[in-house]
Amino acid sequence: MKKLQKNWLEWVTFAVGFILVVSTLIYLIYDATTVTEAPPQIEFQLGTPQSQSQQFIVPVSVKNTGNQTAENVQIEVVLERGGKEQERGEFQIAFLPRRATREGWVTFQTDPRSASRIKARALGFEKP
């Protein structure tokens, strides 16, 4: 019985697959050993307000820089004028994984561009 020799393409495919599997395994081990139990750290970036029909929308980018996932993240965005609250809006993000970013929009009746300050904060979240 004659033994078949592998050609160069089979060896390259084997090498690339082996490198990918080993690299993934090394990354997973590194990630599992270096992650701390730090709670979610939620950061915000407000986008440019836009008019839409008879209301105004403000895009909000929400990023979890912590090492744990947050569920049911309740976001509040407040328009202030002269140090006083003018209007407030809220929305919820169902699932915000660690080191992930989600986007949402909040609507207002007043033009946010006329506000002296727009601020966002997380009202609360749950641990999955």
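Strand E4 (residues 70–81) pairs with E7 in the antiparallel sense, over eight bridges. Strands here are DSSP runs of E with at least two residues, numbered from the N terminus, and two strands count as paired if DSSP finds at least two bridges between them. The model is predicted, so that local features need pLDDT of at least 70 and side-chain atom pairs count only at pLDDT 80 or more, whereas totals for chains, interfaces and linings use all residues. Residues are numbered from 1 along each chain as its sequence is written, and side-chain values use heavy atoms, with hydrogens and water left out.

Valine 77 stands opposite glycine 89 of E5. The hairpin of E4 and E5 has two residues between the strands, and glycine 82 takes a positive phi near 65° there.

The three strands form an open sheet in the order E5-E4-E7, with antiparallel pairing. Strands E5 (84–96) and E7 (117–126) stand at the edges; each has a single partner strand, so one side of each is left without a neighbour in the sheet. From one strand to the next, the twist averages 20°, with axes taken as lines fitted to C-alpha atoms and angles running from 0 to 180 degrees between N-to-C directions.

Definitions and conventions
Helices (H or I, at least four residues) and strands (E, at least two) are DSSP runs, numbered from the N terminus.
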